[in-house]
Amino acid sequence: MGLIGYDVNKYSPRQMVTIPMIILLLALVSMGYSMATTGMPVNPGMDFSGGTAVTLFTTDSAQEIRDVFSGYPLLNIGEGVNNGKYLRFGPMDDAALQSLATYVGEKYPEAKIDQIGATFGQTLQQQAFIALLFSFIGMTIVVFLAFRTLIPAGAVVLSAFADIAMTAAVMNLIGMDLSLPTTAALLMLIGYSVDSDILLTMRVLKRQGKLDEKLAGAFRTGIIMTTTTLAAVVAMWVVAFAGQITVIWEIATVLIIGLLIDMMNTWLTNAGIIKWYVLNRGGK
Amino acid sequence: MNKNKLVSILKHWQVTLVIILVIGSLVAIYPRFEDGKFTTNIQYGLDLQDGTWLQMEFKAEVVGFQTDRPYEEFIGDLRDKLDADVYLIDDNRLEIRKFFTREELESVFSDAGGTLTSYEQGVSRATAEEVKQILENKINTLGTKDAKVNPLTGLSGVTHYIRVELAGVSLAQAKDIVGKQGKFEIRIHTTDNQTEHVLYGDSITSVGVPSRQPGSQVWGVSFSLNEEGAAKFREAAIQYGAVNDPQRHNLDMILDGNIVYSAALSDDLAAELAVEPIRQLYASTGTGDQGLTAAKNLEVHLRAGALPVDVTVAGTGYVPAALSDYFKMMCLLAFVLATIAVGITVYYRYREPSIVLPMIGTNLSEIIILLGIATFIQQLDLAAIAGLIAVLGTGIDQLVVITDEVLHEGKVPSPSLYKKRLTRALSIIAVSAATVIFAMLPLALMDLSNLRGFAIITILGVLIGVTITRPAYGQIIMEILSK
């Protein structure tokens, strides 16, 4: 069971930590680049930049829909399975929005409409940022209180940070926007990420026995934890993709990326650092 | 599993507690068929229920200030310079009921001999409550079934947004309802209970908050008329003889056909009106709490459904009934499939139904208890469903931690060693639970965020797991595996 062929005891701490640190550096550089060019480390979606979106199920072609909404600033049409269509509109004033809402109601009574004003989006964006920041600080405080030693606690915090930074970078790479659901997913990742990290640290520091055995045992348990979560998330992803539930689909996608990255960060970054710590301190 | 084992499992109080809570939760959720449709007591948010939400932003601001001048004078000055309603809301903060940028206000404040010390867009809590009341009145008169109006107040006590949720109403309809104004009219008594039209609500330019005239115990509301309105008011008062004999010519205020206020001109006012048109009027309502309440109502009526502060729509959303039902179905399907996937993965590792079944059972009881509690405190929207998924995920993670911790190489140790190991497992769980709770706390406390439901469900789920269901699982697994 688990990642076939990976032996957590085979490599030296330096070897273990090198790869994830290079990736983390690349992730930070890529976010820094997008920060420099667009002013945001991650692409803000409609929730944060404002706009109007209409979700509907119709057999009409994209061109037909374009004709129907020719009087409105239709930006693009996303198509999914089951004839689901996702229409995005540019900025409109209140009156235009009211007329669009009435019009959509007549043409496609089964359509879902969402509209976020630009300033409201900005407020939401600030809040999401504050929430991420405070969550991270809260997590850091608890971890430091629990372990009370700098290096093991720092390792847990570092790998949680690396999880979020790398996941955000991958989101950029595949063109996923930061929205309210993906922010929620990133926050969930903090929780999932520390789960296996804490298990690893507790097992290695608070249990008696040989380091090799403790690491291998923690690895066995940790991998089941992550794979069961992954199994649940993949199942959700499939349903949400087939059924066009954008919110759940976005959350599931980010979690899948994040959980895969978390495996690397737990069993290379965190395990590497804790191994180095125990070997150098002659830890009990 | 034999009967004795089942009995010994049930003897553990942790297990009994879980069973009681699950039953209680099922009662609270109350799944049933009504009119051939499956329903429960679970409240759904608007993305899982037919309806519209509107989030509106107040075009006003609350600012801190300092001045050496007497407050009355300073505020009066600001009122004139800004041509806006300015109210003192506490010792050092003002509410300005018109939108200005911080820079604009800073220069006006310094011109008036003061300084601006803080600036926040929004209104005071009291004003927000008043807006809430006006909106609720409007919605109620239209007989809408299920409506919620929530001012979203930040930690500083300033309300920036107000959110209206209307179940079963389309977006266009909802905007109509919120924007709709009542028809307000003032009529004057002529002779024998006959009345004549004086003016309509469009002649009223501003309405004050309930106040007492200097040196008086009587509550009332001041309001001002435009020039044309003031002229009409004077004309009618003279024409029908109210100037000479106020007591026999009451003035009625009528909103949507109902008389909401009726009083005679005061002698002073009657005398003044004989000379010139008066734009600033004051309607008194009586003394004490009763007078204050009446004044508050009158203020709302004078505004005729118009809000005291301008608002703009910051965000809206509409989910049609068919789509929301579909979303619910899909969420349920996703949930069932996720549970099955978890079951298969865990089975693949342990190959032992007597471990896998209690695991899944514990996890499901956790979700049921969570839903049971949620029926009282939290409506389920898509974000809250994401929270449920988070709970499912961390829940199963931690059951794996317990299982692996107590089972060493597939064997169950002696009861005393078992206790020690279970305690160790629970301490790992407690630490990771604490991190999740602290990570979610800011989201749960931030009133504005749509992610609040997500955070509340996650925190609640983790708490239930750590304190109730996971310790019970520890007992179950011990009884099952001990030979």
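Predicted model: local features only at pLDDT ≥ 70, side-chain atom pairs only at ≥ 80, totals over all residues.
**Entry 1: Glu479(B)**

Which residues does Glu479(B) touch, not counting residues up to four places away in sequence? I find Lys5(B), Ser8(B) and Ile9(B), where contact means C-beta atoms, placed from the backbone, within 7 Å. Glu479(B) sits in helix H14 (residues 452-481) of chain B. My helices (H or I, at least four residues) and strands (E, at least two) are DSSP runs, numbered from the N terminus. Glu479(B) is buried, with 20 other C-beta atoms within 10 Å. For the terms: buried needs 20 or more other C-beta atoms within 10 Å of the residue's own, exposed 12 or fewer, and partly exposed falls in between, again with C-beta atoms placed from the backbone. I also checked Ile402(B): 77 residues separate it from Glu479(B) in sequence, and 14 Å in space, C-alpha to C-alpha.

**Entry 2: ground rules and confidence**

Residues are numbered from 1 along each chain as its sequence is written, and chains are lettered from A and ligands numbered from 1 in the order in which they are written.

I looked up the scores: ipTM is 0.82 and pTM is 0.78. Chain B has an average pLDDT (the predictor's confidence in each residue, from 0 to 100) of 84, and 96% of its residues score at least 70. Within chain B, strand E2 (residues 37-39) has the lowest confidence, with a mean of 76, and E6(B) the highest, at 92.

**Entry 3: chain A overall**

I count nine helices and four strands in chain A. Along the sequence they read α-α-β-α-β-β-α-β-α-α-α-α-α. The C-alpha atoms fill a box of roughly 75 × 35 × 30 Å along the principal axes. Of the 284 residues in chain A, 52% count as buried. Taking contacts in chain A between residues at least 6 apart in sequence, 76% join residues at least 24 apart.

Chain A splits into domain 1 (13-45 + 119-281) and domain 2 (51-116); the bounds come from an automatic or database domain assignment. The C-alpha centres of these two domains of chain A are 36 Å apart.

**Entry 4: where A meets B**

How many residues of chain A are in contact with chain B? I get 60 of chain A, in contact with 60 of chain B. On the chain A side, the elements that give two or more residues are helix H4 (94-107), strand E4 (112-116), helix H5 (118-147), helix H7 (180-206), helix H8 (211-243) and helix H9 (246-281). By class, that side has 38 nonpolar, 17 polar and five charged residues. The classes: Ala, Val, Leu, Ile, Met, Phe, Trp, Tyr, Cys and Pro are nonpolar, Asp, Glu, Lys and Arg are charged, and the others, Gly among them, are polar.

I then followed E4(A), which pairs with strand E18 (residues 311-319) of chain B in the antiparallel sense over four bridges. Two strands pair if DSSP finds at least two bridges between them. Asp114(A) stands opposite Gly317(B) in E18(B).

**Entry 5: a sheet in chain B**

Chain B is assigned domain 1 (3-48 + 320-481), domain 2 (51-55 + 126-179), domain 3 (59-122) and domain 4 (184-303). Between the C-alpha centres of domain 1 and domain 3 of chain B I read 52 Å.

Four strands of chain B make an open antiparallel sheet, ordered E5-E6-E4-E7. Strand E5 (86-90) and strand E7 (114-121) of chain B are the edges, each with a single partner strand, so one side of each has no neighbour in the sheet. The twist averages 35° from one strand to the next. Strand E4 (residues 61-67) of chain B pairs with E7(B) over seven bridges, and Gly64(B) stands opposite Ser118(B) in E7(B).

Helix H3 (residues 71-82) of chain B lies across E4, E5, strand E6 (93-96) and E7 of chain B, at about 140° to E5(B). Axes here are lines fitted to C-alpha atoms, for helices over the stretch in contact, and angles run from 0 to 180 degrees between N-to-C directions. Helix H4 (residues 102-111) of chain B lies across E4 and E7 of chain B, at about 155° to E7(B).

**Entry 6: positive phi**

Most residues other than glycine have a negative phi. I noted Arg148(A), with phi near 55°, in the loop between H5 and helix H6 (150-173) of chain A. Arg148(A) is exposed, with 9 other C-beta atoms within 10 Å. Tyr30(B) has a positive phi of about 50° and lies in the loop between helix H2 (13-29) and strand E1 (32-34) of chain B. Tyr30(B) counts as partly exposed, with 13 C-beta neighbours inside 10 Å.

Key:
Contact = placed C-beta atoms within 7 Å.
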